[in-house]
Structures are given as structure tokens and as C-alpha cells.
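Please keep the sequence and the structure in view while reading.

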Protein chains: 2
Amino acid sequence: MKSEIPPNTVARLSLYRRLLEAWLEKGTTHLYSHEIASMACVTPAQVRRDLMAIGYSGSPSRGYSVDALEDSIGRFLGSDTVRKIALVGMGNLGRALATYFVSRAPRFRMTAAFDNDPRKTGRVIAGCMVHPVEAIPGIIPAEGIRTAVLALPPESAQEMADTLVKAGVKGILNFAPVPLRLPGDVFLENRDVTASLEKVAFFSGQPREGN
Amino acid sequence: MKSEIPPNTVARLSLYRRLLEAWLEKGTTHLYSHEIASMACVTPAQVRRDLMAIGYSGSPSRGYSVDALEDSIGRFLGSDTVRKIALVGMGNLGRALATYFVSRAPRFRMTAAFDNDPRKTGRVIAGCMVHPVEAIPGIIPAEGIRTAVLALPPESAQEMADTLVKAGVKGILNFAPVPLRLPGDVFLENRDVTASLEKVAFFSGQPREGN
DNA sequence: CTGAAGTTGTGAAAACAGTAACAATGTTAC
DNA sequence: GTAACATTGTTACTGTTTTCACAACTTCAG
């Protein structure tokens, strides 16, 4: 028995859902794979395979039911229950992320934010109560938080990651520009902005083949 | 003749270089692949393969010369000349990125920033002069900017991307949570924070095998 | 009812990324 | 000088992700 979901599929499902929600409001009832593909800027085959992964079936000649598919993706991603997130680091990036999530990603709740700067702790910033980092071992398990976002300077990222994992966190979205050494059972997604920009800058220079 | 650099290799090279710089300051002259690998949290084979891609050779029993390797990566990534970047969108995220680049990524120069909010244009924010978006077709070609960062609300992202491409931009780092439709010769890197978080949250729930 | 049109679901192939393995090589000890 | 050692450079392999291609299916027109 083997059932593994590719991480990229999960990310695309998130996108499909957002696109479907827009069509749902417009009253569209059915969409073909090539229509979804066009909106998501991927191939139709990719869409069909992604939907196969979650076991949702459309109908030939009618396509996918927007309503049922949206529901199916939602249940697969597990978002009937709003998911709790911890944010560590309330610098410029941390604040921007907090603001973004409050206004644009209502499916996630920033249950707790942490910072080691006493001028920031004890206050509500961008809609989030900011606690001192010493409170991590108390709050994370109590709230049952399993997912954390790291928006820290590189110096403290590894230490905070260790603290979070010890407190029970099982997935980290890391914006600090340093590699993190974590146990294998913790899912890690690095979003090193410098490396991303280096990549884009590199391929901006090189000519690339058109389509 | 075939010489293609995997995008992931470029991103890792960026990381290696930053790690090497730190050792360079400490006066270390040589490092083995397994030492670099350990710092970067990848396998030694991965490091050797990445360095093979840029044609740098180390010496058996002495490893890689920190100095020469740093230089070699630098020349490969093309950063002898500081690279010019345009930032579009000076909201919370845009400001955070601008601040970050000014202080932490001196190899990139945010040559120009753009926003459509008149309260922001004409001023210097986070060390960047902010121009109205109407100035894009004038400034981008004049400065020879080929790389842009999009930190915009989803509604205007596609339109700004089109404007940038028309002005000569060949690579876009997109933080807006929408897919962009671009010509095939433009390199696109999406950093959809919602999708990233959805991915991490999904795998935080599922138990994963340890190492 | 039958055929045409167009879509889905999926096995097979291709492209891509990462790992393992090992011959070749430089270094050191003696 | 030579043998032992540890590391590099590279090829072959493994595994994952994406694309291709097509049989099976549903609908509709006539």
C-alpha cells in the first residue's frame, strides 16, 4: 500500500480552491480541467492528476462540479477546522505576514506570536498578541499548535526552531536565510528570499527559450 | 552541446557562498565537501555535484579553497557587477523586503521601487525612491533592469507583470497569491505564502517518517 | 438507437532531482 | 620511494514529478 501526496500537489490544490471559490460566487456550476488549468497556469493533465490524488472524480462531457470539488479539496486539506499557526519574529517581515494572514488567509488563525524584544511583547501587533519567546514551551502545547512560521534574523533561527520542535511543532515555514537542522519527522519549507532572488536574477540574465 | 544549470543548484550556490563568506572572515582556507554539506544541511554528494555544475575543482585531501570557490561562485552567479532589482508594491510586504535587501543582501541593489498610491510615491521609503507605476516604462529600460520583485495585491499583479515584461524585465519573483501568465522567455518564481503555509500545515498534520 | 464530439482517468514515458558508489588523485607517514 | 588514506569528480542508479497519449465514458444530435 502506497499513498503519498506530492507536496507540490498540495500547494496547487490550495490554489485551485481559491480559484474555485471565485467561480462559486459567480454561480458557475461546472468547469473542465482545461479551464481550471488555464486559470492556474498549469497543464490540464496536471490538474487531472492532482485531482486524482485526492480521489475526486469529475464527469466526462460535464467536467468537475465546482461546488463538490471545492468541498472535496477543503476536506482533503483538512480546513473544516481552522488551523492554528504560530508566528515567531515580529520584525518587518513578521508584521507583514501577520497583516497578510489576518486579511487574506482567513483559513489560518495566527493563534500566537512571539518575539524576544520586550518593546514588542505584551502588546497586540497586527491583530496578534505578542508573547516573549520564553512562553513558547507553555503556549504551543497548550494550544495544540503544530505549525510555525519563522520570520527571524539568521542568528536566532536555529535556536527558535529547536525550541518549537521541542514544544511539539511538526511543520515549519522558514523565512530566515539559514538552513535549519531538524528531525526528519518535522516538515520544513524554506523560503530564503535571497536565494530566490539570486535564482531569478541568474535566469534573468541568461536567455531562455520561449514557448 | 548541452549545458543546463538546474534552478535548485543556483539557489544552493547562493547559500554556499554566504556560508563561505563567513568562513573566509574567520580565516579558514580550505573546506571539504562534507563540511560545506553539513553547514548547508545537504549531502556531500549534492555539494560536489553542484560545484561540478560551475566547473570548479577542488583538490583531493585538501578539499576546496574557500577563497577561490567563493570567487568562482561569484563569477558564475554574475555578481561582480551588483545586480539591479525593481520592486513593485510598497505595502507591508514591499517595505519589509526593501528593508531586508538594503541591510542583508548588499549584492542586490533595489534601483527602483514603484507603487500606485500617491501617498507613497515621490518619497524615499526603506531606502528606496518610490515612483508611480506609470514611470515603469521609462525607468526600467533606462536603468537596464531585468529583474523585478512583485509584492502586490492579487488584483493588480498580472497587469503590473505585463507592464514590466513589456519594459524589458526577464525575471519575476512573485509574492502575489495569483498565478501569472507570462511569455516563455521570462523566468518566473512564485512565492505564494498562502500555498506554502497550506503545504506546511498539511504535512504538520500527517505523521511523517523520521530519519 | 447510433455515431460524433469532447472530456475524464490513468498507464507509460520522459524529464528532473538527488543519492550512491567508485576509480582517480593528491597527501602524508614511514 | 612507496603504501595507506581520505577526498574529489563522475557515472550509474533511484526516486519523484510532470507530460503524453489513449481507452473509456457521457452527452447530444439526428
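## Salt bridges and polar contacts between the chains

R104(A) and E155(B) form a salt bridge, with their closest N and O atoms 3.4 Å apart; the term denotes a side-chain nitrogen of Lys or Arg within 4 Å of a carboxyl oxygen of Asp or Glu. Between chain B and chain A, the count of salt bridges is 10. The two chains also share 25 residue pairs in polar contact, both residues being at pLDDT 80 or more. A polar contact is a pair of N or O atoms within 3.5 Å; within protein, one atom must be able to donate a hydrogen and the other to accept it, and residues adjacent in sequence count only if both atoms are side-chain atoms.

Helix α8 (residues 193-205) of chain B gives the most to the side of chain B that touches chain A, with 13 residues. Helices (H or I, at least four residues) and strands (E, at least two) are DSSP runs, numbered from the N terminus.

## Basis of the description

This is a predicted model, in which local features need pLDDT of at least 70 and side-chain atom pairs count only at pLDDT 80 or more, whereas totals for chains, interfaces and linings use all residues. Residues are numbered from 1 along each chain as its sequence is written, chains are lettered from A and ligands numbered from 1 in the order in which they are written, and side-chain values use heavy atoms, with hydrogens and water left out.

## Extent of the interface

The contact (heavy atoms within 4.5 Å) takes 67 residues from chain A and 66 residues from chain B. The area buried between the chains is about 5900 Å², and carbon and sulfur atoms give 64% of it. Buried area is the accessible area (1.4 Å probe) that two parts lose on being put together, summed over both. L197(B), E198(B) and K199(B) supply 12% of the area that chain B buries against chain A, more than any other three residues.

## A salt bridge within chain A

Over all chains, the whole structure has 24 salt bridges. One of them joins the side chains of K84(A) and E143(A), at 3.2 Å from N to O. K84(A) lies in strand β3 (residues 83-88) and E143(A) in helix α6 (residues 136-143), both of chain A, so the pair ties together parts that are 59 residues apart in sequence.

## The enclosed cavity

The structure holds 1 cavity of 30 Å³ or more, and the largest cavity has a volume of about 40 Å³. On a 1 Å grid over the protein atoms alone, a cavity is a set of points where a 1.4 Å probe fits but cannot get out, and lining residues have an atom within 4 Å of a point. Grid points are joined across faces, edges and corners, and a volume is the space filled by probe spheres set on the points.

The lining consists of L93, L97, F175 and V193 from chain A and L93, L97, F175 and V193 from chain B. Helix α5 (92-104) of chain A and α5 (92-104) of chain B each supply at least two of the lining residues.

Conventions: On a 1 Å grid over the protein atoms alone, a cavity is a set of points where a 1.4 Å probe fits but cannot get out, and a pocket is an open set with protein on both sides within 12 Å along at least five of seven lines; lining residues have an atom within 4 Å of a point.
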